[in-house]
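Subject: structure handover

Hi,

Here is the structure I said I'd pass on.

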Amino acid sequence: QVQLVESGGGLVQPGGSLRLSCAASGSIFSISNMGWYRQAPGKQRELVASITRDSTTTYADSVKDRFTISRDGAKNTVWLQMNSLKPEDTGVYYCYARLRRSVSTSYYIDWGQGTQVTVSS
């Protein structure tokens, strides 16, 4: 069994910062990509940022130059540093990991439970 546990969400004023963390644990052989999606009320889930095993990163246009994703491969942990937050960044942020549980199994995507980020004055 695999668990992805997120932390770091909360309420912050516009212009503020938050740092989200996500740690994957359990029966994991390897992880390729990790990242974050978010879902605002009434909207579809969207990719915020992702990072590959060799630290290649991808960002949504709306968060470029404000958010930074990083990871520690040895700890199976990914972080999302969010600066200059805007009200439109509000939503539930979900961590994901593309992983496999043994050398003989295929990769699949597992998800965290989500953490609420609210940007409001």
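A quick definition before anything else: helices (H or I, at least four residues) and strands (E, at least two) are DSSP runs, numbered from the N terminus. On that basis the protein has zero helices and eleven strands. The radius of gyration is 14 Å, close to the 14 Å that the globule rule gives for 121 residues, so the protein is as compact as a globular protein of that length. That radius is taken over C-alpha atoms, and the globule rule is 2.2 Å times the number of residues to the power 0.38.

Some housekeeping. This is a predicted model, where local features need pLDDT of at least 70 and side-chain atom pairs count only at pLDDT 80 or more, while totals for chains, interfaces and linings use all residues. Residues are numbered from 1 along each chain as its sequence is written, and side-chain values use heavy atoms, with hydrogens and water left out.

**Overall picture**

The C-alpha trace spans about 50 × 25 × 25 Å along its principal axes. Of the 121 residues, 41% are buried; here buried means under 20% relative accessible area, exposed means over 50%, and partly exposed is in between (1.4 Å probe, protein chains only). The protein exposes about 6,400 Å², with carbon and sulfur atoms supplying 46% of it. Those areas come from the Shrake-Rupley method with a 1.4 Å probe, and for residues only the protein chains shown count as cover.

Contact means heavy atoms within 4.5 Å. Among contacts between residues at least 6 apart in sequence, 56% join residues at least 24 apart.

On charges, the mean positions of the 13 positive and 9 negative ones are 5 Å apart. Lys and Arg count as positive and Asp and Glu as negative, with His and the chain ends not counted. Each charge is placed at NZ of Lys, CZ of Arg, CG of Asp or CD of Glu.

**Strand pairing**

Two strands pair if DSSP finds at least two bridges between them. β1 (residues 2-7) and β3 (residues 18-26) run antiparallel and are joined by six bridges, with L4 standing opposite A24 in β3. β3 also pairs with β8, again in the antiparallel sense and over six bridges. In that pairing, R19 has Q81 in β8 as its bridge partner.

**The loop between β8 and β9**

S84 sits in the loop between β8 (77-82) and β9 (91-100), and L85 is in that loop too. Are they buried or exposed? S84 counts as partly exposed at 42% relative accessibility, whereas L85 is buried, with a relative accessible area of 2%.

Leaving aside neighbours within four places in sequence, S84 is in contact with G15, G16, S17, R66 and D89. With residues up to four places away not counted, L85 touches V12, P14, G15, G16, S17, L18, R66, F67 and V119.

For C-alpha to C-alpha distances, S84 and S27 are 37 Å apart in space and 57 residues apart in sequence. L85 and T52 are 24 Å apart in space and 33 residues apart in sequence.

**Backbone angles to check**

S84 has a phi near 50°, a positive value in a residue other than glycine. D65, not a glycine either, has a positive phi of about 75°. D65 lies in the loop between β6 (57-59) and β7 (67-72) and counts as exposed at 82% relative accessibility.

Cheers
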